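Hi everyone, thanks for making the time. Let me put the structure up on the screen and walk you through it.

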Amino acid sequence: MENNLEEDKIKTLYLNGLVNLNNIFDQDLLKKIRSAKDKLFKDFPYGQDDNLQKKTAGDFVRPGSYMIWDVIEREPIFSKILENKAIQNLSKRVLGENYTVASFYIRKTPKINSKLNPHIDYQGGLSFSILLDDISLNQGETFFYEQSHKFPPPPFANTKKSFFKKGPTSITGKVGDTFFWFPDCWHGRNVNETNKDTTILMCHMGNLNHPNKDSTGRKVGYSNKQSATENKQKNEVLNRLFKFCGNSPNNVFTHFFYCLIYFKFSKLSKIAIEQRLIFTRNKYGDEAVDNFSITKYLGLIKFSKAIVITAKKLIKSIVGEKGLSLIRKAFK
Ligand SMILES: O=C(O)CCC(=O)C(=O)O
């Protein structure tokens with residue numbers, strides 16, 4: 001996989017929203033990355049806060065994990081990961097020549113008996129995770145619901161439907177195992193039942209026009225901006241549309257609208273993809289893979305949930321957070 005991109009892996013990614021590339025690094029590099037990771041967590045046992053300051057207590061800034069954000073600046077060996085040809089080729093294939101790295105960090109999960117519930121991030125992006133420890137089931141591993149990038153976001157879905165019987169796929173394995181996934185595929189993190197802390201490296205990306213800011217608000221400079229050829233003029237109306245609906249983890253209406261314009265209105269999405277409008281990734285290029293079923297999507301929505309969540313949002317926008325909690329109290 002180092003130099004040539006295996007087509008079946010790409011197809012699996014587009015079909016399932018997740019693909020396992022196994023180990024794509026040589027052992028010497030992995031050894032160096034592992035010791036850099038150990039050194040970082042020796043210096044930052046509880047990770048960093050959002051100002052990149054050392055945390056001194058075991059509470060979590062983000063549920064269940066201690067993060068170190070500026071790994072490349074602290075341990076430049078990590079930049080070799082972004083130079084890996086398999087990673088570059090796959091990212092270019094999905095996001096275009098000049099893709100943006102929005103965040104690149106490591107996270108450690110200690111023993112914890114609560115899960116990070118399934119959720120989606122933004123649409124039209126690409127992420128990868130690399131195991132920096134051997135990780136087995138119930139050791140704080142990330143899990144995915146395969147094919148769910150074409151489903152309503154988790155808060156609105158009826159998980160009793162037969163599709164969900166199969167359950168999630170855990171990304172377990174050996175140090176160096178690398179998984180590419182779509183951030184709009186449902187994912188979460190399992191409990192860690194053991195006393196062994198487990199670490200993964202995570203990278204979130206988007207196309208040329210994706211902001212290069214991580215979740216701390218820090219601008220990162222690791223993007224692959226190599227040629228000016230993709231810097232085309234944008235159709236402003238389409239740009240606004242994709243901006244409006246492309247980040248919809250908590251809104252089933254805008255999420256559905258996104259799916260319609262991206263998957264179904266192919267002429268529009270072709271222009272949007274060519275212009276690298278935000279929240280658009282390349283399609284696979286085969287109708288059997290790129291298809292989207294409106295019936296299936298609507299069939300998976302739990303409308304009672306959708307109505308309650310939407311009503312709460314509406315009330316909150318009218319009476320504010322305080323007003324909403326007063327109403328809640330009154331109805332208890
Ligand atoms: O930490 C993990 O395993 C999952 C992280 C996650 O859910 C995310 O980055 O959106």
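In what order do the six strands of the open sheet come? They run β1-β8-β5-β10-β3-β2, with antiparallel pairing. A word on terms: strands are DSSP runs of E of at least two residues, helices are runs of H or I of at least four, and both are numbered from the N terminus. Two strands pair if DSSP finds at least two bridges between them.

Before going on, please keep in mind that this is a predicted model: local features need pLDDT of at least 70, side-chain atom pairs count only at pLDDT 80 or more, and totals for chains, interfaces and linings use all residues. Residue numbers start from 1 along each chain as its sequence is written.

At the edges of the sheet sit β1 (18-23) and β2 (66-68), each pairing on one side only. From one strand to the next, the twist averages 25 degrees. Angles here run from 0 to 180 degrees between N-to-C directions, with axes fitted to C-alpha atoms, for helices over the stretch in contact. Helix α1 (residues 7-16) lies across β1 and β8 (177-181), at about 145 degrees to β1.

Now to β5: why is it described as largely enclosed by the rest of the structure? Because six of the six residues of β5 (residues 126-131) are buried, meaning 20 or more other C-beta atoms, placed from the backbone, lie within 10 Å of each residue's own. In a regular strand, side chains alternate between the two faces of the sheet. In β5, Leu 126, Phe 128 and Ile 130 are buried on one side, and Ser 127, Ser 129 and Leu 131 on the other. Phe 128 stands opposite Cys 203 in β10 and opposite Phe 180 in β8.

Phe 180 comes up again in the largest nonpolar core, which has 48 residues: Phe 180 and Ile 68 have the most contacts inside it. Such a core is a set of buried Ala, Val, Leu, Ile, Met, Phe, Trp, Tyr and Cys residues joined through C-beta atoms within 7 Å. Its largest share, five residues, comes from β3.

Finally, which residues are around the ligand? They are Ser 65, Arg 107, Leu 116, Asp 121, Thr 142, His 187, Arg 189 and Met 202, each with its C-beta atom, placed from the backbone, within 6 Å of the ligand.

Methods
Contact = placed C-beta atoms within 7 Å. Buried ≥ 20, exposed ≤ 12 C-beta atoms within 10 Å, placed from the backbone.
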